[in-house]
Amino acid sequence: MSTLFARVFRQAWATFEQTATSDGKFATNLHALHRLVGQLTLADIGLEPSLVATETFQQPSKAPCTYVGVFENDRFAMSVFVLRENYTMPLHDHPQMHGLLRVVSGAVQICSYSEVARRDTVEPKDGKLRRHVLVVAEPEKIISSSAGDCAVLTPTERNFHEITAIGGPAAFFDILSPPYNLSSQPQYFFYRKVPVPRHLAEMEPHGFGGPNIRPAQEDERPRYVLETIPNPEHYYCDTVQYSTPEFMYRPEMGGTTSTSSSDVNV
């Protein structure tokens with residue numbers, strides 16, 4: 001475990017525990033956290049290279065994704081995901097979250113979307129929520145373990161995404177605030193992407209309701225509708241127990257190692 005990772009943890013604590021997003025210090029703290037996270041390596045976090053080895057994913061019973069819960073309390077969570085080569089973590093959302101994603105081994109392609117407006121309906125047959133979200137596509141990014149490379153999402157920007165491991169297995173570390181498992185946190189969803197019919201695009205935002213980012217005629221980014229779907233059957237994770245470093249056990253930190261789930265998101 002490296003002193004750099006201890007600094008990342010302390011800075012995450014300062015960013016998400018000690019300052020509200022409306023506080024003027026939040027942006028400064030988040031920038032400092034971004035700079036530190038962008039330097040992390042697999043070894044800094046204390047994980048073995050075998051976790052990302054091609055041979056590991058050639059085992060017949062191996063899941064396409066490995067999840068390592070690093071830390072979680074009621075303000076932020078840290079975790080590591082390892083994806084099999086060419087596997088895509090399904091398109092999902094990060095409702096009202098800030099997040100940082102750092103590739104610590106290999107490389108990933110991230111396709112991100114920002115919300116323009118949404119429409120929720122309740123299915124009369126089963127009472128389930130069905131959501132349609134009008135989004136703009138952000139430029140695709142390839143992020144590797146090169147120093148300084150780090151992806152950022154906010155409550156309003158790039159908080160819908162899918163992630164694909166390219167050129168071999170890939171591992172990424174992420175910090176999310178607030179965490180998914182918080183009782184007050186909105187439910188997350190998986191989505192499928194469908195084109196926006198021309199007549200609907202011209203009607204926005206009236207067809208959906210809610211705030212708009214920019215009128216379509218002023219924004220050349222591609223537009224799509226994201227439609228909620230059931231949890232994809234192909235998305236499930238093996239879990240690896242994390243050896244928690246001593247600096248995470250300080251009483252004032254009040255956190256735990258994350259619990260495992262086949263429906264874990266990033």
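Predicted model: local features only at pLDDT ≥ 70, side-chain atom pairs only at ≥ 80, totals over all residues.
Me: Why is the pair of F160 and Y191 called edge-to-face?
Reply: Ring centres must lie within 6.5 Å to pair, and planes over 60 degrees apart count as edge-to-face. The centres of F160 and Y191 are 5.4 Å apart and the planes stand at 70°, so the pair is edge-to-face. By this rule there are 17 aromatic pairs.

Me: Why is F160 counted as buried?
Reply: Buried means under 20% relative accessible area. F160 has 1% relative accessibility and therefore counts as buried. Y191, at 4%, also counts as buried.

Me: How do you know that K193 lies over the face of Y224?
Reply: The criterion requires NZ of Lys within 6 Å of the ring centre and within 35 degrees of the ring normal. K193 lies over the face of Y224 at 4.5 Å from the ring centre.

Me: Which residues do ring pairs link into a cluster?
Reply: The cluster comprises F5, F9, W13, F16, F26, F71, F76, F173 and F247.

Me: What makes up the lining of the largest pocket?
Reply: The lining divides into six nonpolar, three polar and four charged residues. The largest pocket has a volume of about 300 Å³. Of its 13 lining residues, L129, F189, T228, I229 and P230 are the closest to the centre. The elements giving two or more residues to this lining are β5 (129-137) and β10 (223-229).

Technical notes: Residues numbered from 1 in each chain as written. Heavy atoms only, no water. Phe/Tyr/Trp six-rings, centres within 6.5 Å; stacked < 30°, edge-to-face > 60°. Buried < 20%, exposed > 50% of the residue type's maximum accessible area, 1.4 Å probe, protein only. 1 Å grid on protein atoms, 1.4 Å probe; cavity = no way out; pocket = protein on both sides within 12 Å on 5 of 7 lines; lining within 4 Å. Points joined across faces, edges and corners; volume = space filled by probe spheres on them. Helix = DSSP H or I, 4+ residues; strand = E, 2+ residues; numbered from the N terminus. Nonpolar A, V, L, I, M, F, W, Y, C, P; charged D, E, K, R; others polar.
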